Every structure is written in structure tokens, then in C-alpha cells.
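Have a look at the structure first, and then we can go through it together.

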Amino acid sequence: MARVKRGNVARKRRNKILKLAKGFQGSNGTLFRTANQRVMKALCNAYRDRKRRKRDFRRLWIARINASARLQGFSYSKFMGSLKKVDIRINRKMLSQLAIHDPQSFNKIIAEVKS
């Protein structure tokens, strides 16, 4: 059988990995073997954390709403339950934005819920 040298294909494959590893520290960004391991790990983390980001932001929004609601004498769970009863449909992201940037509007929503 004839010998196959893979020159072009192998170089392209390695360069593709090294391009993904650009900016990694030390040999993790320059040597192919370590770069390959780091890239595989980084891609796994990126996939996992795209899911996790959604959870983290929801937790942040809930913490902000809770803090603002407690200033008005409401717990988070009571506040959200009351919102549903009064049929005010604002998602948590918007509620947290209101709580931070427009406290007057947030207080009006709480007043509406209390009455």
C-alpha cells in the first residue's frame, strides 16, 4: 500500500483547534495536544453554561424583586401570588428592571396588588 502523508488535511485540522484556543494561557494556546484538551473542555463548559445562564439570571431577577418587595412589606412569594390573583402579567425580568430603574412604577404595582 502507498504511504499517505496527510500534510494539508492534518495542518488544517490542527490550525482549526489552535485558532479556537487563541488567548488561552501558556501552552494551552500554543501546543496542539494541550490546546485540543482545553478546547474540548471549553466547548463542554460553554454548552453547559448556556443553559445555566438562564437559571442564573432568573435567580438574580428574583433576588432583586424580593429585595424591593420587602421594602414595601411584602415577601417575594406573597407578591407574586398577589400579582397572579390581580391578573397583572409582567415577567420577572421586567419587574426587576422596574424595581431598579423606576421604583415609583414598582411601588404603584405594589399598591395595586395591596388594594
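**The words behind the model**

In this predicted model, S75 touches N66 and R70, leaving out residues up to four places away in sequence.

Q: What makes N66 and R70 count as touching S75?
A: Contact requires heavy atoms within 4.5 Å, and S75 has such contacts with N66 and R70 once residues up to four places away in sequence are set aside.

Q: Where is S75, and why is S75 called buried?
A: S75 sits in the loop between α2 and α3. Its relative accessible area is 19%, and buried means under 20%, so S75 is buried.

Q: How do you know whether S68 is buried or exposed?
A: S68 has a relative accessible area of 15%, which is under 20%, so the word is buried. S68 belongs to helix α2, residues 32–71. Leaving aside neighbours within four places in sequence, S68 is in contact with A99 and F106.

Q: What is the secondary structure of the chain?
A: The chain has 5 helices and 0 strands, and along the sequence the pattern reads α-α-α-α-α.

Q: Why is the chain called more spread out than a compact globule?
A: The globule rule gives 13 Å for 115 residues, while the radius of gyration of the chain is 26 Å, well over that value, so the chain is more spread out than a compact globule. The C-alpha atoms fill a box of roughly 85 × 30 × 20 Å along the principal axes. As for burial, 21% of the 115 residues in the chain are buried.

Q: Which distances illustrate how residues are placed in space?
A: A42 and A21 are 21 residues apart in sequence, with their C-alpha atoms 9.0 Å apart. K93 and R13 are 80 residues apart along the chain, and their C-alpha atoms are separated by 43 Å.

Q: How do you know what span to expect for helix α5?
A: The expected span is 1.5 Å times one less than the number of residues. Helix α5 (residues 103–114) has 12 residues, and its reach of 16 Å from first C-alpha to last is close to the 16 Å expected.

Q: What makes the buried residues of α5 line one face?
A: The buried residues are F106, I109, I110 and V113. Seen down the axis of α5, they fall within an arc of 100°, so they line one face of the helix. They pack against α2, α3 and α4, whereas Q104, K108 and K114 are exposed on the other side of α5.

Q: Why is the ring pair F57 and W61 called tilted?
A: The structure holds 3 aromatic pairs. F57 and W61 both lie in helix α2, 4 residues apart, about one turn of the helix. F57 is partly exposed, with a relative accessible area of 40%.

Q: Why is the pair F74 and F79 called edge-to-face?
A: The ring centres of F74 and F79 are 6.1 Å apart and the planes stand at 65°, over 60 degrees, so the pair is edge-to-face. F74 is buried with a relative accessible area of 15%, and F79 is buried with 0%. Ring pairs link F74, F79 and F106 into a cluster.

Q: What makes the phi of D87 worth a remark?
A: Most residues other than glycine have a negative phi. D87 is not a glycine, and yet its phi is positive, about 65°. D87 is found in the loop between α3 (76–86) and α4 (92–101).

Notes. Residues numbered from 1 in each chain as written. Predicted model: local features only at pLDDT ≥ 70, side-chain atom pairs only at ≥ 80, totals over all residues. Heavy atoms only, no water. Helix = DSSP H or I, 4+ residues; strand = E, 2+ residues; numbered from the N terminus. Buried < 20%, exposed > 50% of the residue type's maximum accessible area, 1.4 Å probe, protein only. Arc of directions from axis to C-beta. Rg over C-alpha atoms; globule rule 2.2 N^0.38 Å. Phe/Tyr/Trp six-rings, centres within 6.5 Å; stacked < 30°, edge-to-face > 60°.
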